[in-house]
Amino acid sequence: MPDRNRSLSSAVLAVAVLLIAAPLRAQDSGSDRLKLFEEKIRPVLAARCYVCHSTKAAKVQGGLLLDSQTGLKRGGNSGEVIVPGEPDKSLLVRALRYQDKDLQMPPGKPLPVEVVAVFETWIRAGAAMPDDAIAVKSVDQRKQFWSFQRPKDHAPPEVTRKDWARSDIDRFILAKLEEKGLTPSPPADSRTLIRRVYYDLTGLPPTAEESDVFAADKSPGAYSKLVDGLLASPRYGERWGRLWLDVARYSDARNVGERFAYSYTYRDWVIRALNEDMPYDQFLTQQLAADRIRGNDPQNLAALGYLSLGREFPKTFPETVDDRIDVVARGMLGLTVACARCHDHKYDPIPTKDYYSFYSIFSNIREPQDLPLLQTSNRKGEADQIYGDRLARIRKADADYREHRLVVLNDFSKTQIAEYLIAVRDSAKMRATEVEDLIKERQLNLYVLGRWRDYLGDSRMSVQRVFGLWNAVAAVLDSEFAKKWPGIRAAQSAGNPLVLAEFKTEPASIKEVAARYAALLVRYDSSLPFSDTQKENLRMALRGDGAPVNVPLSDFDLVMTEGDRNNTINFKNRYDIMRALYAYDGGAPRAMVVEDVPKPQPAHVFVRGNPNNPGIETPAHFLSCLSAGEPENFTDGSGRLDLAKAIVSKDNPLTARVIVNRVWMHHFGAGIVRTPSDFGLRGDSPTHPDLLDYLAVRFMESGWSLKKLHRMIMLSAAYQQSSADNPEARKQDPENQLIWRMNRRRLDIESLRDSVLAASGQLENKLGGVPFALTASPTVPRRTVYGYIERGRIPGLLAAFDFAIPDQHVPLRYTTTVPQQALFLLNSSFMAEQAVRLASRAEVAAESDPLKRVERLYRIALGRDATPREISVGLKFINFGGEPGPAANDLLPWQYGLGEYDSTTDRVKTFAPFRVFTGDFWQGASMLPDSVTGKAKLGADGGEPGDNPRQSVVRRWTSPAKGTVSIEGTLHHDQNSLRNFGDGVRARIVSSRHGELASWNVNGSSAETNLNGIDIEKGDTLDFIVDGRADSENDGFRWAPTIKMIGLNENAPKATAWSAKDDFRGPTPRPLTVWERYAHVLLETNEFAFVD
Amino acid sequence: MKFQERLFTRRELLQRTGMGMGAVALAGLIGDTGLLRANTSGSSVNPLAPKAPPFPAGAKRVLHLFMNGGPSHVDTFDPKPSLTRFSGKAIPITLKTERRTGSAFGSPFAFKKYGQCGTEVSEIFSKVAEHADDLCVIRSMCSDIPNHEPSLMMMNCGETRQVRPSFGSWITYGLGSENQNLPGFIILCPDGLPTQGTQNWRSGFLPGSYQGTLIDTRQTKIEKLIENIKNSYSTKQAQRRDLDLLSELNRDYQAHRQEDALLEARIQSFELAFRMQMEADEAFDISKEPEHMHKMYGEGLQARQMMIARRLLERGVRFVQVWHGAGQPWDSHDDIKTNHGRLARECDQPIAALLQDLKQRGLFEETLVIWGGEFGRTPTVELPDVGANGGMSNGRDHNPYGFSMWVAGGGFKKGAVYGATDEFGFAAAENKVHVHDLHATLLHQLGFDHEKFTYRYAGRDFRLTDVAGRVVKDLLA
């Protein structure tokens, strides 16, 4: 705490130093000294010594514990092992040096000299090691940390100013303030309070009228009635649901371009659950294990989006699992379990094996092929039929591919019989990693090798008769082969005679034995059975059910090549894309569930986080630090339901505290624990530990009711304080940790955008449904929570305003101030559009008196009456009037829309301009596909036609003059990564005067679309129309022609050119009137953006 | 409460000084000390305000030329005569690659010595090679995994799998930006996103304002380059009047809330935005470049990008990363000769011109110019595989075991070659430089100790170099 009497200049210097140091978390000198221990000493102790010398050792050797400061200092049965400053006298060093004959550690082989040297250096420098309280404590000791203890039901403390406290919460707050000699702030005035309450509970402002009513209501119950009313509003779920979506790293797309079909059903479930005040313990249980709860309402299956809507890495599965572990551990428990992935958690009592016990849970779930319906389609019929067929077609293509490739791969394996036989022999005693190297080197398949091994070991008579000779040969050393061959051959007289016949002559080597086997087997590889049993046995060695080279279709994934993997992933992607199109095109909602795999397999520790380096097996169980004694293994499927029960158990000290703290944080702008997703040893300590406990206990007692919790917090005097400054208090507690006032807060992007829409009178109250595009113009006036969130490509608007980037769980949002925010407010079409709407609201436009209009605008935009000064400032602005706005863009002759070509009349018979502009495309709706326009869209470079000829896309050019035109351009259709499907697109150029001028088909190809000498009259149109031909998959195209015209009339004597690409633009902006500009400014004010 | 969270609320900074003075006055004082090169009051709340690094720095800004897809080192900056001799024969090295590879595959390109230093460079980079005396070529780079995605993450974020902030985000976090009217960390990439997309320049757990801003350099319209940069609804004069009104209303609101720096910061951000509208337009408009500049850079998208890059660096943008193109253009699994030939042809002259241009403007010495991909390619030929490549045997697979990069300017050695791969160019053999080491060294040149430049998140102090990396002093002049 700075000295109050510090001089001004040193204070300034302090600020400067703070700013310069800001990027660094400079470590203090103490931690510098500890660094050597943490980085060089402890890892060696852990790796080489803990086995025998730690609290976790099966049997502690020599009474010596090296895993704590206490142990290291105390030493073992032979006394102290460390003499600080004196390496030579330290038993530890002597042991490491192998100096004495009877004391050599670690046993077997000394550590490298340079490692021992580090120990010497460390001891010479004083052997600094961290206090057990922070890091070295054993798991049991560290379990004593406050957050691992069950919250106690503390009695509210005694306070002096009894009149201030309205609730127990207040007594906890006030006691701390009084301790410091501080006083709380006076209550906020009623208009400030109602605005605060509205934003807190609904994310929206009250209207001026609502404020008036509340201000006038002096009855004692007025405030609690207000709170209750808002808690009952559906807007509450939209607000608090969004806050939970931050926790759940919610996204509508797995990654860029990979839209989830039904993510919105999870979002809507969250909103509904909160509106219904679903008890929080159930709320969590549903999100972890809705599918495992008996008799569960099927609607709750949507809750599983918590697990299924994360990132996914098709080729690195452990990352997918890590994402799930993290979102559960930090989101629900406030613990950084993910830190224990590569080594035991450095601070918290979370051993690596606990991470992998969670891994056992979350690696044994998958997305089922078919997702459960939440309700039946409203428009059962055409769409279901169309999309159903398309989806089935993709599945069939996938199945056909696998079947075909399996034959190829099995045939290929038949060319490697000899290699496999040898490889089985060579790999018999190898470790898993060595076997992997071997198969890589010899270009074999691991799974097929395993099948050979099993098959050769099969005790069935037929197998043994065929391979008995080989097995006997394989068992001898190469060097002894020649010597032992006669004996082996003689002992095999009962073997398959055809095999024996093959070995009439003595083979030169074991390799040759394998080669003769291979040749023999291939000779009898026939699709038809033999009547001769011996021949048939040979045939079955390649064609029988268990034959190593007859891999069944169900195991295709295990034998496929890299290329097959790419191709099958392509099929899956293609299926997912189609399913998402279906969902957005009216497909009935489904739950994005997960299910347990049929046979859950326990995971192994990945030593140092490396999946190729498996350690001990780790069955699914709960965290040991939150269990009494050793945690019991989970038994129900993957263990999700057991996990949920453990998380919401009243014995769990964290779950209630974590959520209570999150709720507190959103009400006050800062949590009681200011690291809301880290309640571990490195997290911040609670500012009011007893209050946190008190709230957690009450919360659980209340039946985990969030609404009761809000009520309890909001009815406190602490919450109702003014946010005004108090310089004295600020000096003592600059961060307002003691809550001597309410924190002023800036609206987050959801509240800001929603409030602008409320002011413009546009905001719709529709709940739920598929997302809309936030970037579309005209604006979709829905609440921001329903906007489309694409992981990896967050709309600039959201990113600039500190939105929760859904790459991973987000504990709290930042509040940054960057010019991109101002650019949005100043220049976006959204803001201009809303300013126009606000200025033209009936209440405003109806007033002819400018003064009254200003008053009206203030009441609508800022929810209060304007002051006389504000009125005069406003009128001055209005009276100054407007400079003329910018000239409208030259009217361009281009239009974009849907149309249909009619071959009987040879004309484009319909044309309907697109209504929506996304910033990149003109299209029919903010999100595609849309039930009327399909997925049709047009942009600067090209676009995509819809599903049928009626949904062809038309870029229409209307001639401004009479003349002769030529057209130049290239039509492209790409095979994207989803290769080989669809039939490309057809493009036509159609003149309103001459009919079709030319047409082209492209499919993964390009065509020059150049035409010359077309006579044209003023007002004629040229339509550049593209349809998807018979198959409407993969129809994206690029085509942006240029038109050149030699004008024939006097007004356009020179050549003129129009480029479809360069001319492309959105709706022509209209300059704002002075009133609209005034409305615009009011929406930009700090008053609009901040809540006191 | 975490330090970095405090960084953004100057209110708390002010309060920590224990002074009850207004935000504006104090901001003035800070400005006067010269320690904070702030343009106006309130900017200390601006996360991109320029900051001095904790140690003396050899470089002020970074230009990363990202040859995404993985350029083959044995065809560009690491000549391997043995490989040519052994061409078509097996070599005695087998390392795990993504796909199967076969025998040695000699480079189809000729190498020759350039400059005083005599560094050998492939003919396909003959123009860049004319700057050989200014390049520090590292021939012993190595990374961890032979796939694009993790290797891109390693090169850009210092970690192959988990979500971490990118190098550029770290730098803008640590140094802010010299130009408040442009984003501090800009990504140039024509025509779409590279593999891994925005993750390559994400801010991770750092605040979103440190995320890179992507500019699609195929776009020529400024409003496509920076969102909402153009006002289409008013004249500049009208907008100025609007802002004056806004400012007046905001001052009234602030009168009783003097202690709150966020309010002031928001007022200033509008002024900043107003100026940015003009400056950004100018910065990206290469039609302002004289004819001889266009000649020097040449034609095409790469020339356009490099010219924009120079204009941005010149204007004080802290970190510019230029990608060759969307996807992974340098990923020549087939037909190295045609594909690498074409790719180098596209960027050789523009890069050479950019180096020249930086020199003649006096920007070169304080700019770290980094050239390279996410890894190199195998010296052995890639064997065909169903659906994975074009079924041809004249390309190379991914190779993280050894590859080349070069760094120029920023206090790196000039005309130097550091490290070497084995005889065939498969793996780094002498003086290995892991990506972590490169990061540590680059950070060092920018004035940071890579072990102390940390950020507390989720219970841990994170750094760009994770738990590894060392400063390779031998790379430095």
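Me: Is Asp941(A) buried or partly exposed?
Reply: In this predicted model, Asp941(A) has a relative accessibility of 33%. Buried would need under 20%, and exposed over 50%. Asp941(A) therefore counts as partly exposed.

Me: Which residue forms a salt bridge with Asp941(A)?
Reply: The closest N and O atoms of the pair are 3.0 Å apart, and the partner of Asp941(A) is Lys1061(A). The pair links distant parts of chain A, 120 residues apart. Asp941(A) sits in the loop between β12 and β13. The partner is in helix α41, and is Lys1061(A).

Me: What is the relative accessibility of Lys1061(A)?
Reply: Lys1061(A) counts as partly exposed. That class lies between the 20% and 50% cut-offs. The value for Lys1061(A) is 31%.

Me: How many residues apart are Asp323(A) and Arg311(A)?
Reply: Asp323(A) and Arg311(A) form a salt bridge, with closest N and O atoms 3.9 Å apart. Asp323(A) lies in helix α16, Arg311(A) in the loop between α15 and α16. Along chain A, the separation is 12 residues.

Me: Are Asp323(A) and Arg311(A) buried or exposed?
Reply: Buried means under 20% relative accessible area. Asp323(A) has 4%. Arg311(A) has 10%. Both are therefore buried.

Methods
Residues numbered from 1 in each chain as written. Chains lettered and ligands numbered in written order. Predicted model: local features only at pLDDT ≥ 70, side-chain atom pairs only at ≥ 80, totals over all residues. Heavy atoms only, no water. Salt bridge = Lys/Arg side-chain N within 4 Å of Asp/Glu carboxyl O. Helix = DSSP H or I, 4+ residues; strand = E, 2+ residues; numbered from the N terminus. Buried < 20%, exposed > 50% of the residue type's maximum accessible area, 1.4 Å probe, protein only.
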